[in-house]
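Please examine the structure shown below.

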Amino acid sequence: MSSSVKPSQQPYYYVPDKSVNTILGTFALLFMALGATFLLNNMPWGLPFALVGLFMIITMTWLWFADVIREGLQGLNSSRVAASFRWGVWWFIFSEVMFFLALFMALFYVRLVGLGDLGTAEAEEYLWKWYGTEFTSHWPLVGATNYIPSFSPVSAFGIPAINTAVLLASGVTLTLSHNAIYDENRRFALFWLALTIILGLVFVTAQAIEYYHAVDHSGLLLSSGVYGSLFYFLTGFHGFHVSIGCIMLIVVWFRMMKGHLTVKNHFSFEAIAWYWHFVDVVWLMLFVSVYWL
């Protein structure tokens with residue numbers, strides 16, 4: 001695989017020039033937080049603030065990644081910098097593990113602890129009779145109380161099962177692309193990576209169709225009790241991660257097309273591969289705990 005990457009010329013750390021990226025990112029997060037707060041409270045300027053913040057964070061990411069790519073092509077990153085990049089990605093993935101673990105713990109707590117507490121005789125006597133309603137302790141909470149409109153839970157068969165096969169297949173095609181890089185076969189590496197991107201986009205599109213049917217035909221809303229909120233929160237954040245992963249895969253594909261990636265220098269590919277396989281594992285856990293059980 002031909003490349004324009006120069007060998008590292010730095011014995012220690014390369015100290016980059018001053019940049020406005022950190023300041024831009026800080027204001028981007030501020031605008032997005034204000035926009036989200038305004039939107040949740042039905043206040044004006046919520047959407048404009050959120051969109052400005054999103055545009056700023058996209059701009060910051062574009063500029064920052066461009067700087068990192070340029071430094072790598074110029075041979076400014078030593079082995080120490082490469083090691084710090086790897087540690088950074090692993091710590092990032094660890095933070096994502098903790099994030100999804102908290103969401104799964106919320107789901108398991110509701111099902112294993114919360115339902116039992118709400119279905120006791122004491123709860124019936126002092127809570128549900130006082131509200132003038134009945135409560136049936138079962139999962140999912142479909143019509144368990146008069147305050148939750150009736151809905152149909154999402155079945156594991158159909159789109160969720162298809163999406164599971166699609167995402168697992170994308171993990172295989174990504175591994176084949178990685179192997180092609182080691183074989184110095186850029187044509188096959190590009191082919192398998194493009195197929196991975198297509199599978200990722202199919203997954204996101206299918207999930208959007210699933211949401212449409214859940215809302216329009218099954219009556220499942222974000223406000224449909226704890227089941228609706230946990231369902232959309234868990235699957236929605238996972239779909240968001242898949243979408244971000246597709247964007248990163250597309251960037252890596254264009255970099256590979258330009259010859260930026262070699263057998264000895266393709267960390268950007270490895271980083272997104274680790275991230276993508278993590279997303280695959282999370283989806284398997286989601287499929288079992290949210291759809292299947």
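Helix α3 has a kink of about 40 degrees centred on V110, the bend at a residue being the angle between axes fitted to the seven residues ending there and the seven starting there. The model is predicted, so local features need pLDDT of at least 70 and side-chain atom pairs count only at pLDDT 80 or more, whereas totals for chains, interfaces and linings use all residues. Residues are numbered from 1 along each chain as its sequence is written, and side-chain values use heavy atoms, with hydrogens and water left out.

Helices here are DSSP runs (H or I, at least four residues), numbered from the N terminus. With 40 residues, α3 reaches 57 Å from its first C-alpha to its last, close to the 58 Å expected at 1.5 Å a residue; the expected span is 1.5 Å times one less than the number of residues.

V110 is also among the buried residues of α3, which include V89, I93, F100 and L107. Buried means under 20% relative accessible area, exposed over 50%, and partly exposed in between (1.4 Å probe, protein chains only). The buried residues of α3 pack against α7 (225–257) and α8 (267–292), where contact means heavy atoms within 4.5 Å.

F92 also belongs to α3 (residues 79–118). Because its relative accessibility is 39%, F92 counts as partly exposed. F92 and Y275 lie 183 residues apart in sequence, yet 9.2 Å apart in space, C-alpha to C-alpha.

Notes
Helices (H or I, at least four residues) and strands (E, at least two) are DSSP runs, numbered from the N terminus.
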